[in-house]
Amino acid sequence: MRWLDLVTITLTATFAAAAVPIEGQLVRSELLPEFEISPSTRVVLNGGAQTSFVDADGGFYFDNVDDGVHLIEVLSREYYFPKVRVAITGNNMAASMHVDGTNWNSVGPEVKIPLQLSPKVVIDPFMPRPKMTLMSLVMANPMLLMMGGTFALFFFLPKMMEGLDPEELKKMQENRANQPKLEMPDVSESLANWFAPTAPAAAAAAASPAKKK
Amino acid sequence: MVAIQFVGALLLAAAQTASAIHKDQVGQLEWLKSLVGQSSHVSFARSQAGASLAVGSVLADTVAVLSPATGSIVWRHLLAANEALLHVSRVILHLFNLFFVRTVLAATSFDAATTTFHVRTFDVATGFALSSVVVKQKTPTFCDNSKLCEKQVSVKLVTSKTETRLVALLPGSTVVCIDLADSRIVWLQQLDASTSFSQLETSAGNLIVLGNANGVVDVELLSLADGSVKSSPDPSLKTFSCYSSASNAVICNALGRQSAIAAFVPGSQSIAWISPSDLNLGSINSQHLNVEPLSATEFIVSSNVPGAVSPASLVTVAADGNTPKVTVLHTFPEPKKGYKSVYSATAGDKRNPFVARLSFSTKKGKGVKTGSVTSVGVLEFGEGGLIVSIHLDTVVKDGAPTIRLLTYFQDGTMTLFQQGKTKTLAVKWERDESLAHITDSVFVDFPDKYSLDFDELGEPLKKSLELDPVTRYVKRLTGHVGQMQGFLKTLPTFLSSISLPQRNQETAASFNKTAPLVADRLGFRKLLILATSTGKLHALETKFGHSIWSRYFGDSTFAVKDLEVLRPTAVQNAAIIGLFGTLEDGKKSAVQRINAMTGDAIGGIEEIGGSDVLVLKVRQNGVNVYPIVDTDELVVLYPNSPEARDLFDLQLSTFYYYRIKKGDTAVRGFMVEKLPGGEYKGTQLWSVDLPAGEVVADYVQKDRTEPISSLGRVLGNRSVLYKYLNPNLLALATLRETKSTSNVYLYLIDTVTGSILHRASYLGAGHAAKGLDSIYLIQVDNSVILSYYNHGPEAAEVLVEPEVKGSVDRDELKETAGSNKRRKKNTLVSKEGNVVRNTSPNVKGYEITVLELYEMPKPDARIDRFGLNFASTLSLNTRFSDTYTSFNTQKPSILQQTFVFPAQITAIGSTRTGAGITSREILFGLTSNQLYGVNLRILDPRRPTGPITSEDKEEMLFPYRATIDYNPKEFASHVLEVAGIKTIVSTPSSLESTSIVAAYGLDLFVVRRAPSKTFDLLSDDFGYVTLIVTLVSLVVGIQVAKHYAERKRVSDQWK
């Protein structure tokens, strides 16, 4: 019988000097009271160097973590969890929030030990469908609004004219007739008239506003 | 500044939500096949929660529980890539004095990088972890792969009134006892490492460890309480194997010594010796006794002499005072010669023992005979290859025993047979797990609906040409009337379909299996042909994932490695696929042609060379020729016809190839010469020897078939930066690792000349952990995208850059480490006194570096295409042509930017559309078992780091942010779990906006992605009804208005 090692070795005797375990739990927070832990959730250390599956209470566990600064991430398809930076020196452990892209040495808000991580946001991959109502259909469409406005003018302007005093109406029509025409003078007609021996009365009348100007 | 960032973030969000789907669209744009892999460990479990089927796959590193009723996955865990599953066993936990049963799955895995074992237990009912223990390997074992290690793992559960313990035997002769309640190692015993221990048995208070020490059976007895070594119960049993039942009786094979079998009940003082003939086993020797514990006191003892019949008996061992008594309960009738038998007994100790035996032949695989205490008749299996394993489960239902049978075939099919009311076994469900082991894939178009051989009424053209014009006219008219009648019949459905939003139109259930296999209007329906390592070939349609055909090459030694479309689909002609693979365990290379639509073989398997050949491709005028290069660089053409040789001869002067694979330390380039005898031979033209310590981590060649919509990129000021689109560009990432440092180097190499066009170093970059691949490369358009894990500055190895042998220039060896964000200006002086700048930012995590290649750093300038080729200078056209020559010495101008990626990557792929106009989306497989998409516009090195200018706005650039934020709307897999993605491939649909993406590894997931939204398709909630109502009301309104206008005109004239 050959025995290499007949001594019974316990965990504490073997590993306590070299490394410490990191324990933690995924917990419900006031922010997301509806949080339910799923068995597919995993917690990883240092980008996946060690993986821990969660238990029914959301607990996770990493054995034999060496001295140094480590990153803890939660892999979940349902919730977004913050990342945690854990610094271990001997038996001392300090944890803080870590934000991607920030300096690795910068220490974020402190996280208490034992780690209790709660989800921040529910991952909702779906786009909500816009609710369809007749009002939203009309009010959201500028073309429809413009069309509506034009129709309103078509209807109400003649009605307003009807409501006016006949004398006022007459005055307005006269005013309109006397208003200077804004059109450009007709060049071809003017040139034609230039050489004409006698200007026709109509042409003279048409040219008169321009002359006035 | 803040405002600019806010606008940028908004724009970013707008760009990122481009292709999210609505909740009611689930199942219409994607399908998923959830798999567990070819299982190596199977056990039926039963508890208060119901029956379940626990499976573990050493090949796929999965532990899962299936529902025996439906075959669906109850839960599944895929281990991380740096852990290899060794063993899965089911243990039953009796709580509260045997009243409450909880079934536990114990999974043992090994992390080779850290030489640690992980022993985890999971609750079978929920999948939640119960305990997890890490055991550091004490002595290196001779088992270096999981298949060998698997045999050295044995797990047993020990329950007492106060605590529940798990005892595990691990490779390297380590026995560990774990307290399940608080995940604590109670004791750890290191046995003699020279003995290969393989079996662990428990008997009250003791642990029997059985092993093989240089051909002699070694039995060790350990105390369960503290792991201390005790003496054997009987010295004569020292060298024989023992089998214990759940907790009570033990039967030992002591045939060599006593010509008898020993049985004892722990606690009793003596041992019973029984002769094999008393157990109706005939005369057998010590090696061929098989003992299988069925329940606390019942065993099946059988002889397993190879090639002979194997008689078996059911025996019970009970304590009769101080002497154990062995009674034969039943002797099984002898099965046929060469048949194996499996046995199963009902669960529960208090029930009447019911034993089922199933005898099967692994030789034939077709007919399996089942026999038991109750005869269940004969089962006939289809073509699934040979049976790998059979698992039998018996249960007493309503007083009558029934049988469940799980068979595993060589092709990866897992079938569950269940005994029905008529006592015959019928197929309950079937899972095809070969899809979890895909080796290569190819997309093929379905043939067109209208063909050149048929007229519009679907009749052969030849036939209709023979008819006279009048008959033809009448025929066509009747045909149209018939079509009209058909349309009128479907009119109500058509009307209802347009009145409802189209989103509820098509579902997987509406798939018509009898419908002709033709292309659909929008090209969403393609054929995805998959080769698997089990030897099974699958063809699935991409719209809903229905199987079109599958083929198993199990009868021959042909193993498919590579799929090539030899002839693409043309109008009505089906594509022809070439299956390139190996014969006779890789000794020869061979090809088999198949019809893509039916899977039927065209001709036989053709040998094309020796082992390890390189299959290349030459294409001209739509004809493909495959030059096949062997290890001696001899080139053989496939097909080897005179036409193919002529075509190859024409291209010979411009044909180059290179050799590279992961782990290499050099890249070699070759040209092909025609020897006087007419043979072709490759001659080495160049080689790039990597600096010492660097090995190839990943490489990717530019896809020459990729459609490029634009030669340049229009900037905000309307000038153009011309893209560097070298079709011979090879991107190569190398890794240099020491104990504490890790660097990644990126090379861009021209594969014709071997010139290094660019080299960049990423200090501190590497794999996240040993065995956890993190370096991935992809080339899209003029971009090269590299991913890696940044270990931070402490892992950066700052070297005086070594000279790369080959054609690399000194000025190429620039330090471009990490990103240029928050650049630390610390300089380090190396040993040789050269000043080297360490620019590694102090970050830790996954990063993505994007390089964009342009012809010139200045806009509107292009590479001078005169090049070195003097002949080209004579032609004026060359200067302005878009033809690129590798013999040009000009190097590309490169823009680079690095982004922090929030998740761990397992694969990178990209979308692909018909014309390349739609912006590309880069897809990432994540360890969280998701597929995530990032628009290439986000991964743009031109994103301004400073204040955004009006020109940047014109160009629609987002301001730079160091991180790529998680956008929940960009999960292509939405809520689905797509486990273990290793490969992402894509193909264009007929719509320019939409790309069909397939991601596979363990699961197979196919999804349609539209990175720039479906701009060429009406939205699925388009208001057809609103449109029709508007048109109708407009017509009615016009008529009404006309009527009133007429009336008014008449009344005005009467005034």
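Modeller: The model is a predicted one. Chain B contains 10 helices and 67 strands. Of its 1055 residues, 54% are buried. Of the contacts in chain B between residues at least 6 apart in sequence, 53% join residues at least 24 apart.

The part I have picked is strand 35 of chain B, residues 526–532. All 7 of its 7 residues are buried, and that cover extends to both faces of the strand. One side carries Lys526(B), Leu528(B), Leu530(B) and Thr532(B).

Strand 35 of chain B has antiparallel pairings with strand 34 and with strand 36. Strand 36 of chain B covers residues 536–541 and is joined to strand 35 by 5 bridges. Here Leu528(B) has Leu540(B), in strand 36, as its bridge partner. Strands 35 and 36 of chain B also form a hairpin, with 3 residues between them. In its turn, Gly535(B) has a positive phi of about 100°.

Other hairpins in chain B can be set beside this one. Strand 46 (residues 656–659) and strand 47 (residues 666–674) of chain B pair in the antiparallel sense over 4 bridges. Tyr656(B) stands opposite Met671(B) of strand 47. Their hairpin has 6 residues between the strands, and Gly663(B) takes a positive phi near 95°. Strand 47 of chain B also runs antiparallel to strand 48 (residues 680–689), with 9 bridges joining them. In that pairing Phe670(B) stands opposite Gln684(B) of strand 48. The hairpin of strands 47 and 48 of chain B has 5 residues between the strands, and its turn includes Gly678(B), with a positive phi of about 95°.

Chain B also holds an open sheet of 4 strands, in the order 38-39-40-41, with antiparallel pairing. Strand 38 (559–567) and strand 41 (601–609) of chain B are its edges; each has a single partner strand, so one side of each lacks a neighbour in the sheet. On average, neighbouring strands of this sheet are turned by 25° against each other, direction ignored. Strand 38 of chain B runs antiparallel to strand 39 (residues 576–583), and 7 bridges join the two. Ala559(B) has Thr582(B), in strand 39 of chain B, as its bridge partner.

Last, the contact with chain A. It involves 51 residues from chain A and 73 residues from chain B. The two chains bury about 5300 Å² between them, 57% of it on carbon and sulfur atoms. On the chain A side, Arg77(A), Phe126(A) and Arg129(A) lose the most area to chain B, together 16% of what that side buries. There are 2 salt bridges between chain A and chain B. Asp124(A) forms a salt bridge with Lys969(B), with the closest N and O atoms 3.9 Å apart. This pair counts because the cut-off is 4 Å.

Technical notes
Residues are numbered from 1 along each chain as its sequence is written. Chains are lettered from A and ligands numbered from 1 in the order in which they are written. This is a predicted model: local features need pLDDT of at least 70, side-chain atom pairs count only at pLDDT 80 or more; totals for chains, interfaces and linings use all residues. Side-chain values use heavy atoms; hydrogens and water are left out. Buried means under 20% relative accessible area, exposed over 50%, partly exposed in between (1.4 Å probe, protein chains only). Contact means heavy atoms within 4.5 Å. Two strands pair if DSSP finds at least two bridges between them. Axes are lines fitted to C-alpha atoms, for helices over the stretch in contact, and angles run from 0 to 180 degrees between N-to-C directions. Buried area is the accessible area (1.4 Å probe) that two parts lose on being put together, summed over both. A salt bridge is a side-chain nitrogen of Lys or Arg within 4 Å of a carboxyl oxygen of Asp or Glu.
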